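Visitor: Hi, I have just opened this entry and would like a short tour. Could we go through it piece by piece?

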Amino acid sequence: MTPSETGRPGPARAGRVRFATFNVLHGRTLVDGSPVSVRAADGPAGPLARAVASLDADVVALQEVDRLQERSGGVDQAFAAATGAGAPHWRYASAFHGMARPGGGWVPEPSEPGLRVYGPREAEAGDGAPSHGVALLSRLPVLHWRARRLAPAPVPMPLRTPGRRGLTVSRDQPRAALAAVLEGSRGPFTVVALHLSFVPGWNIRQLLAVRSWTADLPGPRVLLGDFNLPGALPRTVLGPAWPSGGGSRPGGGHPGRSGVGAPRGWRDLARTPTYPAHRPLVQLDHVLATGIDPGAVTGAHTPSTQVSDHRPLVVDLLL
């Protein structure tokens, strides 16, 4: 961490942590079904920064984030979003480096690795090749960062693409997962930002890989992201919560953290549609956790914002 990464007091200090996951569509919106840049007097980063700030979340996972892309005004979007959210602890993980073509597709940058992690120091430098990936922003201090690249599916798949009629055969892209161990008011816990493949079966394989990859990190563990998996399927894949044997933790314990006799496995923290943004019909964006008691969730909502074809999913949690 850099010296500038100092936390600020917030609701998390009282035991409540607000989590949010948001596929930001590289800061764009849809007009008549086609992605367009959002113009603002304060520059191309303004709408995205305001949208993320409006969530007032302590921990934010972002997907489809651009860094230095021409289509998004050459902005370091993770830095802009972190500034808007008041989240000094942040990292951006590139799923791949390359320039987005105006009509679709990518021009890869062969000189850059497939995965690189950027933070405040790189934002100050403002250089590097254009890239695309995920970001994790936190108002709470971060004890440890970890990143992983997820390989694309080997086969293309027909998809509905914003701005195009019918189905378009699309090749999958590399994906990234970004994990952080945070220092909460009652001890450390782990959060993971991820964006999974749109190819059925392959995204399940990626989700199981992320579960194994983070198994050694301290719990509770919270997964946030666009899973490209509907409804209860992610929880089913990870293993739903079930009561363990034994009595309660001696002396009680905090209501957000599982003790002896508390549920094990993974729990949906919110079940509500998030896509498409103008009229949500299906839930593709999820917040799942293990080591969390059933009564820990104190609220959840999917607010409308100026950007993206997804609604953000916001969950308040006693932790």
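Visitor: Let's start with α4, then: which residues are buried there?

Guide: Bearing in mind that this is a predicted model, the buried residues in α4 are Trp202, Asn203, Gln206, Leu207, Val210 and Trp213. They cover an arc of only 140° around the axis, which puts them on the same side of α4.

Visitor: And what sits on the face turned away from that buried side?

Guide: That face of α4 carries Arg205 and Ser212, which are exposed.

Visitor: What do the buried ones pack against?

Guide: The buried residues of α4 pack against the strands β9, β12, β13 and β14, and also against α5, which spans residues 233–238. Helix α4 as a whole, residues 202–213, lies across β9, β12, β13, β14 and β17, and runs at about 150° to β9.

Visitor: Switching to the sheet, in what order do the strands come?

Guide: The open sheet is formed by six strands in the order β9-β12-β13-β14-β18-β17, with mixed pairing. Because β9 (142–150) and β17 (266–268) each have a single partner strand, they stand at the edges, and one side of each is left without a neighbour in the sheet. On average, neighbouring strands of this sheet are turned by 20° against each other, if direction is ignored.

Visitor: How many bridges join β9 to β12, and do they run parallel or antiparallel?

Guide: There are eight bridges between β9 and β12, the latter being residues 175–184, and the two strands run antiparallel. As one example of the pairing, His144 has Val181 in β12 as its bridge partner.

Technical notes. Residues are numbered from 1 along each chain as its sequence is written. This is a predicted model: local features need pLDDT of at least 70, side-chain atom pairs count only at pLDDT 80 or more; totals for chains, interfaces and linings use all residues. Side-chain values use heavy atoms; hydrogens and water are left out. Two strands pair if DSSP finds at least two bridges between them. Helices (H or I, at least four residues) and strands (E, at least two) are DSSP runs, numbered from the N terminus. Axes are lines fitted to C-alpha atoms, for helices over the stretch in contact, and angles run from 0 to 180 degrees between N-to-C directions. Contact means heavy atoms within 4.5 Å. Buried means under 20% relative accessible area, exposed over 50%, partly exposed in between (1.4 Å probe, protein chains only). The arc is that of the directions from the helix axis to the C-beta atoms.
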